[in-house]
Amino acid sequence: MVSPAGPRLPPLNALRAFEAAARLLSFKNAARELHVTPGAVSHQVKLLEEHLGVALFRRLTRALELTAEGEAMLPLVRDGLQSLAAAVEKVRLRTEHGALAVIAPPNFAARWLIPRLARFTDAYPNLELHLASRASMIDVRGEEAPSVPVNARDDTPVAMIRFGDGDYPGSRVDEVFSATYVPVCSPRLLRGARPLREPADLRHHVLLHDDTVIDEGARPSWDDWLEAVGVKGVDASRGPRFSDASLAFEAALEGMGVALAMKPLVRSDIEEGRLVMPFDIAAPASYSYWLVTPEGSNGPTADFRQWLLEESKTERE
């Protein structure tokens, strides 16, 4: 009768003895592999046969052969033992090398962190890394930012990268880099009937709006940028609006218009010529990117912190 918890399984040692003996067709060679006596292997196989109620081997004078039941059972037992060994190894590596969950704003994760992340994983190849992108990592004024969580499912420590004001009590807080915004567009907009040569030329082009950051004043708008450069007569409210900064960047890449972009996040696009800054005039944001980790954290969290701050050092200079 099958119990509510499932069928009663035979002892693991019996399964290991059967797999080795069936693979090698020798109790003696199986004993050598398992570092036991041939008698012990024979005993374990006998226990398994009694448990199953079938013969798994034909014991000949100078040979060992599998019965039909043994032939059918061997690949299944082998796969099961391999899966069990893989699970044990995964836990062992996790115990020795640790795991870390990193949560970051979507645009930062996609455009800044991921292009660099291979350098971290190469340096820590046995670390189990989980990366998640969440819009909740962007602060909203008036709402309390959460403290650094621990994944309740498996006790994995969590490092957060937040775009906000840096006020995260009870956590260790490091500035990754501050945010400055510059106009960016496709190189095609520098040419044509109405080329972009000076800021006033924006009146002839579509303005792309990124609504990722809810708080006005947390990042410069087109109104702020145009006012800073002294341009009048441009309707800064016109143009399509995007709920994700990456969508605004993609629209700029396609030549749809001009976007205000955080310079570090589009640096590679500019260096490779996919985007250009028609005017290298930056407007600062009151928010920055911050690494938020538990106070006194060590292990993988400390390794990631050291790597991230070193990787972002040039952005702070």
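The accessible surface of the chain comes to about 17,200 Å², and carbon and sulfur atoms account for 52% of that area. Please bear in mind that this is a predicted model. Of the 317 residues in the chain, 43% count as buried.

Turning to secondary structure, the chain holds 10 helices and 11 strands. As for how the chain comes together, consider the contacts between residues at least 6 apart in sequence: 76% of them join residues at least 24 apart.

Helix α2 covers residues 27-34 and helix α3 covers residues 38-52. Their axes lie 8 Å apart, and the two helices pack at an angle of about 105°. Because angles of 65 to 115 degrees count as roughly perpendicular, α2 is roughly perpendicular to α3.

Which residues make up this contact of α2 with α3? From α2 come F27, K28, A30, A31 and L34, and on the side of α3 they meet P38, V41, S42 and V45.

Is S42 buried, partly exposed or exposed? Its relative accessibility is 27%, so S42 counts as partly exposed, given that buried means under 20% and exposed over 50%. Finally, S42 and S26 are 16 residues apart along the chain, and their C-alpha atoms are separated by 9.8 Å.

Conventions:
Residues are numbered from 1 along each chain as its sequence is written. This is a predicted model: local features need pLDDT of at least 70, side-chain atom pairs count only at pLDDT 80 or more; totals for chains, interfaces and linings use all residues. Side-chain values use heavy atoms; hydrogens and water are left out. Helices (H or I, at least four residues) and strands (E, at least two) are DSSP runs, numbered from the N terminus. Buried means under 20% relative accessible area, exposed over 50%, partly exposed in between (1.4 Å probe, protein chains only). Contact means heavy atoms within 4.5 Å. Accessible areas come from the Shrake-Rupley method with a 1.4 Å probe; for residues, only the protein chains shown count as cover. Axes are lines fitted to C-alpha atoms, for helices over the stretch in contact, and angles run from 0 to 180 degrees between N-to-C directions. Angles under 35 degrees count as roughly parallel, over 145 as roughly antiparallel, 65 to 115 as roughly perpendicular and the rest as oblique.
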